[in-house]
Amino acid sequence: MTTAHAWAAHAAHAPFAPFTFERRELAPDDVRLDILFCGICHSDVHFARGEWGDPRYPAVPGHEIVGRVSAVGSAVTRHKVGDLAGVGCLVDSCGHCGSCHQGLEQYCEVGGTGTYMSTEKQSGLPTYGGYSDFIVVKESFVLRIGHEEAGLAAVAPLLCAGITLWSPLRHWKAGPGKKVGIVGIGGLGHMGVKLAHALGAHVVAFTTSPGKVDECKRLGADEVIISRDKADMARHRHSFDLIINTVSASQDLGTFCALLKRDGTLVMVGAGTEKHIAPDAFALLGKRISIAGSAIGGIAETQEMLDFCAEHGITADIELIGVKGVDAAYDRIVASDVKYRFVIDMATLG
Ligand code: NAP
Ligand code: ZN
């Protein structure tokens with residue numbers, strides 16, 4: 001075991017504070033990554049503040065991890081010491097079920113191992129995330145990074161926000177000739193706008209924040225709708241092929257179904273625990289529309305997304321903070337006051 005240093009939540013509403021714990025020794029197929037930057041996902045807030053049930057405190061969030069490989073096990077072939085690499089929301093899965101065989105480890109039928117909020121198979125210890133100085137991960141769950149090192153901090157959010165939008169955009173075939181809506185322009189949503197635009201779709205951003213309108217266009221939106229403006233919403237009735245909703249608050253899903261074309265799909269990726277208002281059956285059957293969900297993405301598609309982003313010069317828009325800024329950042333995320341992702345410089349852990 002090797003001692004790791006972290007910045008942890010010690011209770012649902014206590015400020016973050018230092019924490020030390022043990023990480024496992026390298027197995028032959030393990031990679032050790034010294035963490036340089038870690039993004040703050042709204043899921044970290046749900047987790048650390050106990051909104052998804054009581055975590056085991058101290059809890060170390062963080063699943064948008066980038067860093068440098070500092071050691072590799074004897075059987076590792078895909079990564080070498082000195083490489084830049086990333087770790088997202090998953091660090092393991094069964095490897096044998098149908099989903100794992102198809103490269104969809106996020107839907108592992110036995111239950112994958114989360115970067116935090118899980119139990120490590122190798123040690124039986126809780127998994128601790130990326131607000132820490134290093135992490136030990138099986139090589140098949142470590143991603144290669146092709147971006148220039150200079151912009152590395154802004155690559156971190158691709159590991160969750162990026163893939164969570166990339167996977168449904170690809171699955172529902174966003175591209176030229178498709179009208180795609182992205183609801184909620186926070187960490188996930190702003191990546192959705194950038195990626196859908198880069199894939200060639202006609203992109204419409206839905207925001208509740210009038211102050212984000214001009215920026216949505218800069219991010220790649222062709223049009224922007226203030227989602228609380230009923231007249232603005234009504235102008236787009238029956239016109240969307242795909243709408244991806246990143247909002248974690250309760251919403252009236254019928255208002256988005258009304259905007260879909262026949263055979264359109266509303267994909268829910270926000271992970272709040274409040275119930276949504278369901279549309280009536282006629283809203284669905286009248287246009288053969290679907291309401292779907294989507295969780296992050298598999299390892300192969302995460303690598304595909306990272307390679308696409310490196311090739312197209314896509315990163316997140318970030319605010320870089322030190323560990324001491326995490327509590328204030330959480331409050332600003334809850335207030336939708338971030339443009340568009342906080343990333344922690346892990347050198348500030350000291
Ligand atoms: P975020 O940065 O806080 O962005 C959410 C955005 O939703 C806000 O910026 C805001 O955008 C909008 N919003 C907030 N409150 C709202 C309300 N009451 N009504 C309407 N819109 C509202 O969060 P995130 O990191 O993007 O994560 C979003 C959700 O996705 C979280 O629940 C997170 O846990 C979940 N998530 C899911 C997956 C998955 O695999 N499915 C992966 C990662 C995260 P505007 O200001 O533009 O309105
Ligand atoms: Zn996340």
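How much area do domain 1 and domain 2 bury between them, and what part of it lies on carbon and sulfur atoms? Before I answer, a word on the basis: this is a predicted model, in which local features need pLDDT of at least 70 and side-chain atom pairs count only at pLDDT 80 or more, while totals for chains, interfaces and linings use all residues. Residues are numbered from 1 along each chain as its sequence is written, chains are lettered from A and ligands numbered from 1 in the order in which they are written, and side-chain values use heavy atoms, with hydrogens and water left out.

The protein chain is divided into domain 1, residues 2–160 + 297–349, and domain 2, residues 162–293, with bounds that come from an automatic or database domain assignment. Taken over C-alpha atoms, the centres of domain 1 and domain 2 are 27 Å apart. To return to the opening question, the two domains bury about 2,000 Å² between them, and 57% of that is on carbon and sulfur atoms; buried area here is the accessible area, with a 1.4 Å probe, that two parts lose on being put together, summed over both. On the domain 1 side, Cys160, Phe308 and Tyr340 lose the most area to domain 2, and together they account for 29% of what that side buries.

In terms of contact, that is, heavy atoms within 4.5 Å, 24 residues of domain 1 meet 25 residues of domain 2. There are 16 residue pairs in polar contact between the domains, both residues being at pLDDT 80 or more; a polar contact is a pair of N or O atoms within 3.5 Å, where within protein one must be able to donate a hydrogen and the other to accept it, and residues adjacent in sequence count only if both atoms are side-chain atoms. The elements that give two or more residues to the side of domain 1 touching domain 2 are α1 (42–48) and α9 (299–312), and α9 provides the largest share, six residues. Helices (H or I, at least four residues) and strands (E, at least two) are DSSP runs, numbered from the N terminus.

Turning to charge, the rule finds four salt bridges across this interface, a salt bridge being a side-chain nitrogen of Lys or Arg within 4 Å of a carboxyl oxygen of Asp or Glu. Asp317 pairs with Arg218 in a salt bridge whose closest N and O atoms are 3.1 Å apart. The structure as a whole holds 20 salt bridges, including one between Arg49 and Asp331 at 2.8 Å, N to O. Because Arg49 sits in the loop between α1 and β4 while Asp331 is in helix α10, that pair ties together parts 282 residues apart in sequence.

Which residues are closest to ligand 1? Of the 32 residues that surround ligand 1 (a heavy atom within 4 Å), the closest are Thr207, Thr208, Ser209, Lys212 and Arg341. A polar side-chain atom of Thr207 lies 2.5 Å from an oxygen atom of the ligand, and one of Thr208 lies 2.6 Å from an oxygen atom of ligand 1. From Ser294, a backbone N or O atom lies 3.0 Å from a nitrogen atom of ligand 1.

Finally, the backbone. Most residues other than glycine have a negative phi, and most peptide bonds are trans. Here the Lys339 to Tyr340 bond is cis, with omega near -10°, and Tyr340 is placed in the loop between α10 (326–334) and β17 (341–345).
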